[in-house]
Amino acid sequence: MQDFTDQASKNGVVLKNSGKCQFCGADYPDGIFGCMNHYNTGTELLDFSNPEYHISRFLSVDAHALQHPEIHGRWSNHFHLTRLYLLLEKKIPWDYQKSPLLSAYLNDYKVGRPDEYLTPPHPMQRGNVTMKDLSNTKTASECAEQIRQWATGVYRAWHKSHSIVIPIAEGFLQKNPIR
Ligand SMILES: [Zn+2]
């Protein structure tokens, strides 16, 4: 998981290891390192072998990635924001088979678009809920609801990029009709 530091330096970003996370504002004592170290602990209440919670898994991965775009490759923003649109707006019943299909669709989409870039919202303005808020939940359903609010806030924060990802999502659905 430490390879995120390499990606940050590729993006020219200096990571701080104290105080709130410089990207999402989560109140961990060791900044972004707290956000990464607690990646799995926030969702411990959820049994991800239960298909009912697969959606929570996808939403939490997308929300986390889009709150920390500086530690990912730029095309991952396209993937996660497109998937959030599909999950939250289109209510597509996502599963583990669909993610590689979306990746493949984006691989084709990238060709001829070397300069397309989704501009992230300013750091600390990427939704009010963070991974850390999940640790305050007491039950699986509370945790799942908090994840939904987290993802919804992040999706809205990225509103300037909706006009790019919505056509991608619609093209994906045309190519891969959901039955
Ligand atoms: Zn963070």
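This report walks through a zinc site, a cavity and a handful of residues in a predicted model.

## Ground rules

Residues are numbered from 1 along each chain as its sequence is written, and side-chain values use heavy atoms, with hydrogens and water left out. Because the model is predicted, local features need pLDDT of at least 70 and side-chain atom pairs count only at pLDDT 80 or more, while totals for chains, interfaces and linings use all residues.

## The zinc site

Let's start with the metal. The zinc ion is held by Cys 21 (SG), Cys 24 (SG), Cys 35 (SG) and His 68 (NE2), at 2.0 to 2.3 Å. To count as donors, N, O and S atoms must lie within 2.8 Å of the metal (3.2 Å for Na, K and Ca); water is not among the atoms, so sites may look incomplete. Along the sequence, the spacing of these donor residues reads C-x2-C-x10-C-x32-H.

Helices here are DSSP runs (H or I, at least four residues), numbered from the N terminus.

Why is the arrangement around the zinc ion called tetrahedral? It's because the four donor atoms subtend angles of 100 to 112 degrees, and four donors count as tetrahedral if all angles lie between 85 and 135 degrees.

## An enclosed space

Rolling a probe the size of a water molecule over the atoms shows where empty space is left. On a 1 Å grid over the protein atoms alone, a cavity is a set of points where a 1.4 Å probe fits but cannot get out, and lining residues have an atom within 4 Å of a point. The count comes to one cavity of 30 Å³ or more, and the largest cavity holds about 30 Å³ of space. That volume is the space filled by probe spheres set on the points, which are joined across faces, edges and corners.

Which residues line the largest cavity? They are Tyr 39, Asn 40, Thr 43, Phe 48, Arg 57, Ser 60 and Met 131. By class, that makes three nonpolar, three polar and one charged.

## Inside helix α4

Thr 82 sits in helix α4 (residues 75–89) and is buried, with a relative accessible area of 0%. A polar atom of the Thr 82 side chain lies 2.6 Å from the backbone oxygen of His 78.

Leu 86 is also in helix α4, and at 0% relative accessibility it counts as buried.

## Loops worth a look

Most residues other than glycine have a negative phi. Lys 91, though not a glycine, has a positive phi of about 55 degrees. You'll find Lys 91 in the loop between α4 and α5 (98–110), exposed at 59% relative accessibility. Met 124 has a positive phi too, near 70 degrees. Met 124 belongs to the loop between α5 and α6 (131–134) and is partly exposed, at 45%.

Asp 47 is in the loop between α2 and α3 (54–67), partly exposed at 42% relative accessibility. The side chains of Asp 47 and Ser 49 make a polar contact at 2.5 Å; such a contact is a pair of N or O atoms within 3.5 Å, and within protein one must be able to donate a hydrogen and the other to accept it.

Technical notes
1 Å grid on protein atoms, 1.4 Å probe; cavity = no way out; pocket = protein on both sides within 12 Å on 5 of 7 lines; lining within 4 Å. Nonpolar A, V, L, I, M, F, W, Y, C, P; charged D, E, K, R; others polar. Tetrahedral: all angles 85-135°; square planar, octahedral: opposite > 155°, others 65-115°. Helix = DSSP H or I, 4+ residues; strand = E, 2+ residues; numbered from the N terminus. Buried < 20%, exposed > 50% of the residue type's maximum accessible area, 1.4 Å probe, protein only.
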